[in-house]
Amino acid sequence: MTSALTLPNGSKVASSDSAEAPTGSQPLPFELDHLLALRVPGLIATRRHIHSHPELSGEEFETAALIARELSLAGLNPRLLPKGNGVICDVNGRPDGPVVALRADIDALPLIDIKDVPYRSTKDGVCHACGHDVHTTVLLGVGMLLAQLADLGELDGRVRLIFQPAEEILPCGSLEVIEAGGLDDVVQIFALHCDPNQPVGKIGLRVGPITAAADNVTVKLTGPGGHTARPYLTVDLVDALGRLVTEVPALVARRVPANSGLLLVFGQASAGTRNNVIPSEASASGTLRVMDRDTWAQAPKIVAQVVRDVIAPTGATVDLEYLRGRPPVCNDAKAIQVLTAATVAALGPDGVAETPQSMGGEDFSWYLEHVPGALARLGVGRAGPNVDLHRASFDIDERAIPFGVRLMVQTALRALAATR
């Protein structure tokens, strides 16, 4: 069967396919730099093809099939996740060595791609606006190079490549990977995420929390309804809703340490259809984000109590749905040491950059609940406005792809050496 994501024969890419090693970097072992240079045009073609054929969270079947084919061509033995929309593949080196995992997420977002480029999305309302196509391509390149080292008997252990679905939704795809044995025997795990605010050649690193926990909060209010002329005879749900969205976030923040970085923001609120009718239903939904792991554990109880305390005087009935999302990504200090050394080796000393904390959520955090590891920011910045993540105009400087490959190869080799 021919897949929609079968790579076109003879794909050509522009001159952005340079794989020159940055000044001050160290060569990859066994002439892998030369192999990478040969692979770069194909990797960029792969990225563009995936970009033009995005798949939503949970529906990444064709993307997973492409990944499995490319890994098989490299002489590896990939296996699909039980649902068929993700891939796990071990690069087997010395059997007595440790197991280190590298993860890439593969899903796209429900956005319209507004870019005027040849690789613009061909699927209406679906777009790779978070760089997961880049993450996937980088990890494919890593697999190809590590397979060569394994064939030469020069890989000091096993490197597990995890191509994960459903990072953008709840429940998280990382939980599917873990349930499928993706972390079995793993001693450390690493991942990259595109950062359009960092220039190409820079890797953002940080010890401790780098992304926030992210949960969904939905509150539904009900009452008998009535006439706006006689609010005293009913429950004024519009008033109750106003108190909910204005008072609750501030009061919740007052119940936790100020340095926990808690942020509760309602992004949707609705009530009523007519100017002279007090509605019988109202609702608001939003996200709670927090950097501190302990505060995240207490958050559902705190939110529930504050919501009920605020709404109680109004007389409205409260139905609260608190949906656990993902904990914060807390980078392990030893894992960051590995990434730092790998960055210096791959990109030179100038490649290391400190990165700020982000209130965005990342389900890589679930892996870190089981094994130590770290997430790094891959500089993909390009000139121009509206290049932020989750924007329909998002795109990257493709020179970042071989830099990402170099970094993750160096990371895997150093992690294996450090954990032997």
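**Figure 1. The largest pocket of the predicted model.** About 590 Å³ of space lies in the largest pocket. On a 1 Å grid over the protein atoms alone, a pocket is an open set of points with protein on both sides within 12 Å along at least five of seven lines, and lining residues have an atom within 4 Å of a point. Grid points are joined across faces, edges and corners, and a volume is the space filled by probe spheres set on the points. The pocket is lined by 29 residues, of which Ser358, Gly360, Gly361, Glu362 and His390 are the closest to its centre. Two or more lining residues come from each of strand E5 (186-199), E8, E12 and strand E16 (373-381); helices (H or I, at least four residues) and strands (E, at least two) are DSSP runs, numbered from the N terminus. E5 supplies the largest share of this lining, six residues. By class, the lining comprises nine nonpolar, twelve polar and eight charged residues, where Ala, Val, Leu, Ile, Met, Phe, Trp, Tyr, Cys and Pro count as nonpolar, Asp, Glu, Lys and Arg as charged, and the others, Gly among them, as polar. This is a predicted model, in which local features need pLDDT of at least 70 and side-chain atom pairs count only at pLDDT 80 or more, whereas totals for chains, interfaces and linings use all residues. Residues are numbered from 1 along each chain as its sequence is written, and side-chain values use heavy atoms, with hydrogens and water left out.

Figure 2. Rolling a probe the size of a water molecule over the atoms shows where empty space is left. The structure holds one cavity of 30 Å³ or more, a cavity being a set of grid points where a 1.4 Å probe fits but cannot get out. The volume of the largest cavity is about 60 Å³. Its lining consists of Arg103, Ala104, His135, Val138, Leu139, Leu192 and Met408. Strand E3 (99-105) and helix H3 (132-151) each supply at least two of the lining residues, and H3 gives the most, with three residues. The classes represented in this lining are five nonpolar, one polar and one charged residues.

Figure 3. Four strands form an open sheet in the order E10-E12-E8-E13, with antiparallel pairing; two strands pair if DSSP finds at least two bridges between them. At the edges are strand E10 (263-271) and strand E13 (317-326), each of which pairs on one side only. From one strand to the next, the twist averages 15°. Axes are lines fitted to C-alpha atoms, for helices over the stretch in contact, and angles run from 0 to 180 degrees between N-to-C directions. Strand E8 (residues 213-222) and E13 are joined in the antiparallel sense over eight bridges, and Val217 has Tyr322 in E13 as its bridge partner. Helix H5 (residues 237-254) packs on the sheet by touching E8, E10 and strand E12 (281-290), and its direction makes about 175° with that of E10; contact means heavy atoms within 4.5 Å. Helix H6 (residues 293-311) also packs on the sheet, touching E8, E12 and E13, and its direction makes about 165° with that of E13.

Figure 4. Eight strands make up an open sheet of mixed pairing in the order E1-E2-E4-E3-E5-E16-E6-E15. Strand E1 (79-80) and strand E15 (352-354) are the edge strands, each pairing on one side only. Strand E6 (residues 203-205) pairs with E16 in the antiparallel sense over two bridges, and the bridge partner of Gly204 in E16 is Arg377. Helix H2 (residues 61-73) lies across E1, E2 and E4 and runs at about 15° to E2. Helix H7 (residues 333-347) lies across E5, E6, E15 and E16, at about 55° to E5.

Figure 5. Asp90 and Arg158 meet through their side chains in a salt bridge with an N to O distance of 3.0 Å. The pair links distant parts of the chain, 68 residues apart, with Asp90 in strand E2 (residues 87-92) and Arg158 in strand E4 (residues 158-164). The count comes to 20 salt bridges, each defined as a side-chain nitrogen of Lys or Arg within 4 Å of a carboxyl oxygen of Asp or Glu.

**Figure 6. Backbone details at Pro171 and Glu31.** The peptide bond from Leu170 to Pro171 is cis, with omega near -5°, and Pro171 lies in the loop between E4 and helix H4 (173-179). Glu31, a residue other than glycine, has a positive phi near 55° and is placed in the segment before helix H1 (32-52).
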